[in-house]
Structure formats: structure tokens, C-alpha cells
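Welcome to a short tour of this structure. Please have the sequence and the model open beside you as you read.

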Amino acid sequence: MLKIHNLHASVANRPILKGVDLEVRGGEVHAIMGPNGSGKSTLASVLAGREGYVVTDGTVEYLGQDLLAMAPEDRARAGVFLAFQYPVEIPGVNNAYLLKAALNAIRKQRGEPELDAFEFLAMVRERMKLMQMDESFLNRGVNEGFSGGEKKRNEILQMAMLEPRLALLDETDSGLDIDALRVVANGVNSLRDPARSIVMVTHYQRLLDYVEPDVVHVLSDGRILLSGGKGLALELEKRGYDWVRHEARVA
Amino acid sequence: MNATVRSDALEPYVAAFDAARPFAGETEAARTLAFERFAELGFPSPRDESWKYTNLRRLESRRFSSTAPDTGAMLRAATVPELAPHRVVLLDGRCVASRGPGMPPLSGVRIRTLAEAIADGEPQSALFRVPSGGGTERFAALNVALCPDVLVVDIDEGARLAEALQIDLASSGTERGMSHPRLLIRAAAGSSARIVLRHAGGEDAEHFVNAFVEVEAGPDAELRLYRLQAQGGRGFLVERLEATLGQRALLEIHDAQLGASLTRLDLNARLAAPGSTARLTGLFLADGSRHMDTHVHVDHLAPHTTSLVDYRGIAAGRGRGVFNGKAIVHAGAQKSQARQVSRNLLLTAGAEIDSKPELEIYADDVQCSHGSTTGQLDPAALFYLRSRGLGQHEARGALTRAFAGAVLSRMDHGPFAAAVHATLDDRLVRLLETTE
């Protein structure tokens with residue numbers, strides 16, 4: 001699904017990623033953990049194609065294609081989805097319009113017909129129920145005046161609508177209370193599928209109690225220092241990140 | 001030397017004035033006075049503060065002549081789609097269809113031509129008044145001197161019009177033709193009306209429209225004007241809109257400026273009596289090489305008066321926008337509120353918008369604010385939309401429409417709003433494709 005090899009990236013000429021290697025196979029759920037400033041969010045942004053992130057070396061292969069050569073919209077249409085750490089408020093652009101335009105752009109890419117208004121509404125209603133969102137959200141501006149939790153739920157709603165092959169969740173758990181975390185985790189879990197891979201970037205182990213990862217990676221100073229099973233997350237929670245860095249230095 | 005240049009520029013207008021003589025109904029004296037005022041003021045010099053960003057050299061260098069009546073064009077003008085069930089067409093300033101066949105009578109409104117108004121004994125001081133001051137005084141004077149007709153629209157006292165009235169200021173499209181449409185709209189006490197003012201026509205011709213619209217809203221009158229400026233792309237348009245409001249009167253203007261090549265609109269509102277309110281909202285789209293200059297001037301002359309000015313400008317290509325908003329709260333206009341907002345969006349690097357909100361306050365118990373911003377589409381929002389699969393064009397279009405939508409959503413006359421949206425959409429699609 002996703003093969004990252006020796007990825008180097010800079011922001012404003014400052015190297016952030018310094019040789020990331022990562023392979024995610026179909027159906028796997030990976031967690032990328034690490035201290036603040038380790039490059040977790042940069043990795044997610046580079047994969048989604050955000051401007052201002054310059055790849056200086058390395059390759060990213062997604063379903064056999066050169067992901068880095070693709071425009072952000074082409075990545076989305078090919079099935080890559082980024083749930084933003086800070087979803088953008090866009091007053092005046094209707095939530096329903098965005099969902100429908102995005103869905104139809106992706107369906108067109110897949111060679112599927114556009115959904116008519118009735119089919120769209122049926123689909124979005126079902127997904128909104130899952131995310132415990134009121135239908136009134138549809139007619140509001142994208143994320144406009146949403147609380148932190150509502151924004152994160154809206155991200156997962158979009159993901160549930162767009163049914164990506166590769167979902168990147170950037171700190172989706174941050175700023176959520178325990179009830180909202182359950183709803184969001186429930187949404188993510190409902191999307192677990194042998195044909196879909198999920199990469200969760202998170203600072204805390206909390207989300208991983210609800211969405212169990214197959215693999216946990218520790219990213220520190222722009223490199224993956226350690227990878228392991230879900231037990232690694234628990235160990236990090238107990239011991240912090242310093243011992244990983246220390247062991248890496250010793251090794 | 002300079003004087004020679006000036007008189008050269010005025011020469012076509014002198015010729016037009018001479019050709020228009022003799023004037024009907026003993027109006028010669030008033031017309032001559034107005035023309036002398038125009039000749040005295042002449043074209044603005046580049047040093048004129050109110051023309052700082054708008055150079056009229058191109059207009060001055062053309063030799064325009066008054067457009068002759070044209071039957072074919074009249075028929076075409078009468079067939080353009082309607083935005084309201086009742087319509088009056090001024091073609092090149094001449095009333096051609098005030099009560100044409102198929103036009104149902106609109107009760108509560110009296111619509112007269114200049115000849116009819118004079119026959120009724122309407123005083124010339126009302127029909128040929130030249131407003132004073134502002135950068136467009138000269139053009140209003142020229143309009144008064146040369147207007148072939150005056151459309152006088154009177155809304156009866158207490159009349160509440162259920163349906164909107166549309167007034168088309170149409171151009172026939174005569175190359176190098178000029179016209180001087182003149183409107184006088186009076187809403188009597190307690191009346192309520194919606195009027196659509198549409199500038200259209202003149203598609204392929206270089207032409208000059210110099211309009212002068214006077215509005216009077218009596219006590220407790222409510223008047224809503226929907227101005228759609230969709231003039232042909234090679235047109236010059238200068239317009240002076242002068243409004244005076246009585247006690248507790250409400251004037252709303254919804255302005256959509258989408259056409260012509262070079263435009264200057266002066267919108268002056270006098271809040272002359274206590275409790276009067278003016279809400280002036282608008283949008284201009286200066287794409288291609290269009291130049292659009294809007295000056296909004298509000299005078300608070302009485303206590304408890306309210307003004308809200310909210311204009312949004314979009315510029316693209318080599319387009320240029322100018323917005324100058326000025327509110328003056330005069331001494332004694334206590335408990336007044338004046339609010340001005342000017343927001344501007346530049347879609348391409350070559351585009352420019354100069355915005356200048358001004359406030360002058362001579363009363364001490366007032367609430368005033370003004371704000372002005374000029375920027376580009378938010379890159380974070382753009383990336384967000386693209387990351388969901390929307391293409392560059394669609395994402396930029398959605399954000400641009402959202403920007404315009406903040407004022408368009410208040411344009412509450414359905415057919416007008418639909419016409420504005422359709423034109424805007426069409427133009428955005430084209431300009432976004434060419435400004436990638």
C-alpha cells in the first residue's frame with residue numbers, strides 16, 4: 001500500500017524528516033508516536049501534499065505510484081485521506097457541498113457515476129448517525145463555529161464518506177474529551193477493512209486503547225527509532241520517550 | 001497650453017449640446033446652466049484627490065456623440081430577460097417601454113417621462129437639479145444638460161408594492177455612442193418598494209454611459225434598490241446616485257458591479273432626518289483589464305441615524321478596483337451609528353485594489369467603526385479543499401464564491417440574486433481557468 005524510503009523533508013529550509021523508512025500493507029493499522037517536534041505531523045503533511053514542505057530526498061510509493069509527484073487533489077482522488085490536526089474553518093463553503101463535491105470527484109476517478117441528491121443524503125445521514133452528528137451540520141460552513149470535538153468528528157465523517165484506501169490521522173485524538181474520543185474511535189474502527197490502511201499520528205497512547213494498532217513506531221528527530229507491536233505504546237506511556245532515544249544512541 | 005487640451009476634451013460634448021438644441025418645454029435655461037457647470041469643472045485632473053486612482057485619459061481621448069434613437073435596438077432591449085414582473089426600459093436614456101403591451105399595471109406607482117412630468121407642472125428645479133460636490137458633480141451636470149428624458153418614478157404614499165419594478169438602463173451598442181440616462185425615484189411617506197436597476201447592453205461597442213439617479217425616501221418609506229451593472233465589456237460608465245432620506249426612512253442598496261471596462265460609481269446618501277437608515281452593500285468584480293471605482297459617501301445630518309456600508313471587491317488579471325467609503329457624522333447627529341466594511345480579494349499577482357475607508361465625526365455620542373482588508377485566498381483553506389479531492393479551479397471557485405457570498409446572501413430579491421450568481425459563476429469559471 002505505502003512504501004516510504006529514506007524520506008527527507010524540510011520546512012523553511014529546516015530539515016525535519018531525516019530519513020524515514022516505513023512500510024504499511026493493506027489492512028494494517030499503524031501508530032506513529034513520538035515527542036513534540038519529532039516530525040510526526042510533518043510526515044502526515046508531506047504525504048498529503050501540503051505546500052511549504054520540501055522533500056529533499058527519498059521516495060514514497062503508494063499503490064505502485066510515485067505519491068510525491070501527485071497534486072494534493074490527485075492523491076485524494078487516488079484514495080489518500082488526511083484527517084487534519086487543525087481542521088480549517090471555511091465560512092461560506094457549505095459542509096454538504098464539500099462532502100458532495102469531494103465524493104463525486106473521487107467517484108469520477110474510480111469510474112463510478114455521481115450520486116444523485118437522494119443517494120447522497122441517504123449515505124450522509126447514515127454516516128452522521130455513526131458520528132453522532134446532528135444533520136444541521138450539513139448546512140453550516142465547513143467547520144465554521146464547530147467546537148474542537150465537532151471538528152474532529154467532522155473529519156472522521158468525511159473519511160467515512162470518502163472511504164479512502166489510505167487514511168492518515170494527524171493527532172485526531174488531541175483536544176477530545178473521553179466521550180468524543182469514543183465516538184471518533186468508533187468511527188475509525190468502523191472503517192477498518194482488509195483493503196484499507198490507517199496511519200495514526202499521535203502523541204498519547206489514549207487513542208490506541210480504542211483503536212488497536214498492528215504496528216507502533218517511535219519517530220524521534222525525523223527518524224523512526226523503534227518499531228514494535230501494540231505493547232510498545234504501553235511501554236512508552238510508562239517510560240516516556242527518553243529511553244528510546246538513549247537506546248538508539250547506544251545502538 | 002493646458003487650457004487648449006481641456007477645451008479639446010470638451011469639444012465633443014459642446015457639439016453634442018449644440019446638436020441637442022432646441023430643448024423641449026422651455027428647459028433650455030436649466031440645461032444651459034448645467035452645461036456651463038460641466039464646462040467649468042471639466043474633466044478631473046490627475047491631482048484631483050477623488051480621482052487619485054482613476055485616470056480618465058482614455059475616456060477623454062475618445063470622441064463620443066449622442067446616440068440617435070434606434071428602433072431595432074429598442075426591440076432588442078425590450079426582449080432581454082426580466083428580473084421582475086414590471087419593467088421600464090430606458091434605451092440610451094430614452095424611455096421606450098414604460099407601459100408596453102403585455103406589461104401589467106403596477107398599482108401604487110406612477111411612472112412618467114420628462115414630457116409628461118413637465119405637462120403635469122412638475123417644477124424644473126426638481127427635474128434639472130445639479131448635485132454639488134464630489135468627484136462626479138461634473139458628470140451629473142453633463143447628464144442634466146444632455147439627458148434626452150427623465151424617468152420620474154413616484155411611489156404613492158402608503159403604497160406597499162408586492163412586486164418589484166425593474167428599470168433597465170440599456171445601451172444600444174452604437175460604436176462611440178454616449179447616453180445620459182436620468183432617473184428620479186421618489187418613495188412617498190410610508191411606502192415600501194423594491195426596484196431593480198439594471199445596466200446592460202452595448203456588448204461589442206466602445207460606448208459611454210453617464211447616469212444620474214436621484215432617490216428621495218419620505219418619512220417611514222422603505223426602498224430597496226437592486227443594482228445590477230452588467231454593461232458591455234468595452235463600455236465606460238459613470239454614475240451618480242444621490243439619495244436623501246426622511247424620518248425613519250430606510251434605504252437599502254444591493255449593488256453588483258460585473259461589467260463595463262471602466263466604471264466610476266458615486267453613491268451618496270444623506271441621512272437628513274432623525275431615525276433614517278441606509279444599508280449599502282455591494283460587490284465588484286474587476287477581472288481582465290477592468291477598472292472599477294466606487295465612492296460611497298454617507299452624511300449623518302440628524303440624530304439617531306444609522307448607516308452600514310459593506311462592500312466586497314474581487315480583482316483578477318490586470319483588473320483594478322478602487323473603494324472609497326466616507327461617513328461624516330455631522331454636529332448634532334447624536335446617537336448615530338456608522339459602520340463601514342471593505343473587504344477585498346486579489347486572485348492574481350497583477351490585480352490591485354485600493355481601499356480607503358474614512359470617518360469624520362463631529363458629534364460626541366456616536367458609535368462608529370470602519371475596517372478594510374485586502375488579501376488573497378487563504379492557502380490553508382485551499383489545501384483543505386484540495387486534500388478532499390477538489391481540483392484547483394473548483395477549490396478556488398468555491399472560496400471566491402464564499403467570499404462574495406457574504407454580501408450576495410443578503411440580496412433578497414430572488415431573480416436578481418440568481419442573475420448575479422449566474423453571471424458571477426460564468427465569469428469565475430473563465431477567469432480561474434486563465435489565471436492558474
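How many helices and strands are there in chain A? Chain A has nine helices and twelve strands. Keep in mind as you look around that this is a predicted model.

**The two chains**

Let us stay with chain A for a moment. Its radius of gyration is 18 Å, close to the 18 Å that the globule rule gives for 251 residues, so chain A is as compact as a globular protein of that length. In chain B, the secondary structure comes to ten helices and 21 strands. A compact globule with 436 residues would have a radius of gyration near 22 Å, and the 21 Å of chain B agrees with that.

The table sets out some values for each chain.

| Chain | C-alpha span along principal axes | Residues that count as buried |
|---|---|---|
| Chain A | about 60 × 40 × 35 Å | 43% of 251 residues |
| Chain B | about 70 × 55 × 50 Å | 52% of 436 residues |

Contacts across the sequence are worth a look too. In chain A, take the contacts with a separation of 6 or more: residues 24 or more positions apart account for 73% of them. In chain B, among contacts between residues at least 6 apart in sequence, 83% join residues at least 24 apart.

Is helix H7 of chain B largely enclosed or largely open? This helix runs over residues 137–146, and nine of its ten residues are buried, so the rest of the structure largely encloses it. The buried residues are Arg138(B), Phe139(B), Ala140(B), Ala141(B), Leu142(B), Asn143(B), Val144(B), Ala145(B) and Leu146(B).

One helix to view alongside it is H2(B), residues 28–41. The axes of H2(B) and H7(B) come within 8 Å and cross at roughly 150 degrees. With angles over 145 degrees counting as roughly antiparallel, H2(B) and H7(B) are therefore roughly antiparallel to each other. Their crossing is left-handed.

On the H2(B) side, the contact is made by Arg31(B), Ala34(B), Phe35(B), Arg37(B), Phe38(B) and Leu41(B). H7(B) answers with Glu137(B), Arg138(B), Ala141(B), Leu142(B), Val144(B) and Ala145(B). By class, the contact of H2(B) with H7(B) has eight nonpolar and four charged residues, with no polar ones.

**Where the chains meet**

How many residues does the contact between the chains take from each side? It takes 19 residues from chain B and 20 residues from chain A. On the side of chain B that touches chain A, the elements that give two or more residues are helix H8 (379–386) and helix H9 (392–408). The residues of that side of chain B divide into twelve nonpolar, four polar and three charged.

H8(B) and H9(B) also touch each other. Their axes come within 9 Å and cross at roughly 130 degrees. H8(B) and H9(B) are therefore oblique to each other, and their crossing is right-handed. From H8(B), Ala381(B), Leu382(B), Leu385(B) and Arg386(B) take part, meeting Gln392(B), Ala395(B), Arg396(B), Ala398(B) and Leu399(B) in H9(B). The residues of this contact of H8(B) with H9(B) divide into six nonpolar, one polar and two charged.

Terms used:
Residues numbered from 1 in each chain as written. Chains lettered and ligands numbered in written order. Predicted model: local features only at pLDDT ≥ 70, side-chain atom pairs only at ≥ 80, totals over all residues. Buried ≥ 20, exposed ≤ 12 C-beta atoms within 10 Å, placed from the backbone. Helix = DSSP H or I, 4+ residues; strand = E, 2+ residues; numbered from the N terminus. Contact = placed C-beta atoms within 7 Å. Nonpolar A, V, L, I, M, F, W, Y, C, P; charged D, E, K, R; others polar. Rg over C-alpha atoms; globule rule 2.2 N^0.38 Å. Axes fitted to C-alpha atoms, helices over the stretch in contact; angles between N-to-C directions. Parallel < 35°, antiparallel > 145°, perpendicular 65-115°, else oblique. Left-handed = near helix turned anticlockwise from the far one by under 90°.
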